[in-house]
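Trainee: I am new to this structure and would like to learn how to read its features. Could you please guide me through them in order?

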Amino acid sequence: GESPTELAERPLTAFEDCARRAAEDGRPGLVVAHLWVVRSAVARALGVPMERSGDLGLAPGGVVELAWGPGAAPELVRYAL
């Protein structure tokens, strides 16, 4: 099995790639993902270790908006159920 930190690395790499491609195209990107994948990005944006990401209170089916420029850390814009 993977540690929570190891689990987070794969989707974070994909999010960064999505941000880069969206910036190149001059359009926003959209990712639809499972809760743990979203949790990894929100934890990174808030500086929360993945081992504590379960404390974030994210609900299934919620909407999370992140500002994530290529080469930059994500920034949480909004979270809605």
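Mentor: Let us begin with a definition. A residue is buried when its relative accessible area is under 20%, exposed when that area is over 50%, and partly exposed in between. Glu65, at 34% relative accessibility, is therefore partly exposed. Please keep in mind throughout that this is a predicted model.

Trainee: Which residues make up the largest nonpolar core?

Mentor: The general idea comes first. In soluble globular proteins, nonpolar side chains tend to be buried together. Here the largest nonpolar core has eight residues, namely Ala8, Leu12, Phe15, Ala19, Ala41, Ala43, Met50 and Trp68. H1 supplies the largest share of the core, with four residues.

Trainee: What does Trp68 touch, leaving aside residues up to four places away in sequence?

Mentor: Trp68 is in contact with Leu12, Phe15, Glu16, Ala19, Ala41 and Pro74.

Trainee: How should I read helix H2 itself?

Mentor: One may begin with its length. H2 has twelve residues and spans 16 Å from its first C-alpha to its last, close to the 16 Å expected at 1.5 Å a residue. Its buried residues are Arg39, Ser40, Ala41, Val42 and Ala43, and these pack against H1 and S1. Just after the helix, Gly47 adopts a positive phi of about 70°.

Trainee: How many salt bridges does the structure hold, and which parts of the chain do they link?

Mentor: A salt bridge requires a side-chain nitrogen of Lys or Arg within 4 Å of a carboxyl oxygen of Asp or Glu. The structure holds nine. One of them joins the side chains of Arg44 and Glu9, with an N to O distance of 3.4 Å. This pair links distant parts of the chain, since Arg44 is in helix H2 and Glu9 in helix H1, 35 residues apart. Arg44 is partly exposed, at 34%, and Glu9 is partly exposed as well, at 39%.

Trainee: What does Glu65 pair with?

Mentor: Glu65 forms a salt bridge with Arg78, and their closest N and O atoms are 2.9 Å apart. Here too distant parts of the chain are linked: Glu65 belongs to strand S1 (residues 63-67) and Arg78 to strand S2 (residues 75-80), 13 residues apart. Arg78 is partly exposed, with a relative accessible area of 42%.

Trainee: Which residues are linked in a network of salt bridges?

Mentor: That network is formed by Asp17, Arg20, Arg21 and Glu24.

Trainee: Finally, which residues make the nonpolar surface patch?

Mentor: Leu46, Leu76, Tyr79 and Leu81 make a nonpolar surface patch of about 390 Å². Leu46 is part of helix H2 and, at 45% relative accessibility, is partly exposed.

Notes: Residues are numbered from 1 along each chain as its sequence is written. This is a predicted model: local features need pLDDT of at least 70, side-chain atom pairs count only at pLDDT 80 or more; totals for chains, interfaces and linings use all residues. Side-chain values use heavy atoms; hydrogens and water are left out. A nonpolar core is a set of buried Ala, Val, Leu, Ile, Met, Phe, Trp, Tyr and Cys residues joined through side-chain atoms within 4.5 Å. Buried means under 20% relative accessible area, exposed over 50%, partly exposed in between (1.4 Å probe, protein chains only). Helices (H or I, at least four residues) and strands (E, at least two) are DSSP runs, numbered from the N terminus. Contact means heavy atoms within 4.5 Å. Patches are made of residues with over 30% relative accessible area and no salt bridge: like charges are joined within 9 Å, nonpolar side chains (Val, Leu, Ile, Met, Phe, Trp, Tyr) within 5 Å. Accessible areas come from the Shrake-Rupley method with a 1.4 Å probe; for residues, only the protein chains shown count as cover. The expected span of a helix is 1.5 Å times one less than its number of residues.
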